[in-house]
Amino acid sequence: QVQLVESGGKLVQAGDSLRLSCAASGRSFSTYTVAWFRQAPGKEREFVASIGRGGNTYYADSMKGRLAIARDKNTGYLEINSLKPEDTAVYYCAADLGGWPYAAADDYAYWGQGTQVTVSS
């Protein structure tokens, strides 16, 4: 089992970059696939990026080119560049033992509480 705590969300200006962190506690975090999802007000939760156990990555087409997902032993990271007002959302970290960089929320058993990112124009 793993516990996840996100941080790094804040109010930024359009065009800025931001790095979000996902601190994990529990055993063997390196064996988990880690993903980021986001949910804007009034919208469904959507996939952003994932990184598998072996380091392979997968990005949402809508944001590809502006994202970088990474991980180390105990933390997952998501960097978002050229932020836009439509990126405003709560960003969630998720993890699962599956191994591959899945894109479906149902594939992830463990979730953090989320961190708010607000982008002003």
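**Contacts and the surface**

Author: Let us begin with one side chain: not counting residues up to four places away in sequence, W100 touches T33, G52, N56 and Y108, where contact means heavy atoms within 4.5 Å. This is a predicted model, in which local features need pLDDT of at least 70 and side-chain atom pairs count only at pLDDT 80 or more, while totals for chains, interfaces and linings use all residues. Residues are numbered from 1 along each chain as its sequence is written, and side-chain values use heavy atoms, with hydrogens and water left out.

Reader: Is W100 buried or exposed?

Author: The terms rest on relative accessible area: buried means under 20%, exposed over 50%, and partly exposed in between, with a 1.4 Å probe and protein chains only. W100 has a relative accessibility of 56% and therefore counts as exposed. Its place is in the loop between β9 and β10.

Reader: How many helices and strands does the chain have?

Author: Both are DSSP runs, numbered from the N terminus: helices are H or I with at least four residues, and strands are E with at least two. The chain has eleven strands and zero helices. Its pattern along the sequence is accordingly β-β-β-β-β-β-β-β-β-β-β. The radius of gyration of the chain is 13 Å, close to the 14 Å of the globule rule for 121 residues, so the chain is as compact as a globular protein of that length. That radius is taken over C-alpha atoms, and the rule is 2.2 Å times the number of residues to the power 0.38.

Reader: What does the C-alpha trace span along its principal axes, and what share of the residues is buried?

Author: The trace spans about 40 × 25 × 25 Å. Of the 121 residues, 44% are buried. Among contacts with a separation of 6 or more, 61% join residues 24 or more positions apart.

Reader: Which contacts does V34 make?

Author: V34 belongs to strand β4 and, at 1% relative accessibility, counts as buried. Apart from neighbours within four places in sequence, V34 is in contact with F29, A49, S50, I51, I69, R71, C93, A94 and A95. The C-alpha atoms of V34 and A94 lie 5.7 Å apart, whereas the two residues are 60 residues apart along the chain.

Reader: Where does V2 lie?

Author: V2 lies in strand β1, residues 2-7, and is buried at 5% relative accessibility. Beyond its neighbours within four places in sequence, its contacts include A24, Y32 and A95. V2 and A95 are 93 residues apart in sequence, and their C-alpha atoms are 8.0 Å apart in space.

Reader: How is a pair of aromatic rings described?

Author: Such a pair is described by the distance of the ring centres and the angle of the planes. Rings of Phe, Tyr and Trp (its six-membered ring) pair if their centres lie within 6.5 Å; planes under 30 degrees apart count as stacked, over 60 as edge-to-face, and the rest as tilted. By this rule, the chain has seven aromatic pairs. F37 and Y108 have ring centres 5.7 Å apart and planes at 75°, so this pair is edge-to-face. F37 lies in strand β4 (residues 33-39) and Y108 in the loop between β9 (89-96) and β10 (110-111), so the pair ties together parts that are 71 residues apart in sequence.

Reader: Are F37 and Y108 buried or exposed?

Author: F37 is buried, at 1% relative accessibility, and Y108 is buried as well, at 4%. Y108 also pairs with Y102: the centres are 6.5 Å apart and the planes stand at 75°, so this pair too is edge-to-face. Y102 counts as partly exposed, at 26% relative accessibility. One aromatic cluster is formed by F37, F47, Y58, Y102, Y108 and W111.

Reader: What is the phi of S82?

Author: Most residues other than glycine have a negative phi. S82 has a positive phi, near 50°. This residue is found in the loop between β8 (75-80) and β9, and it is partly exposed at 42% relative accessibility.
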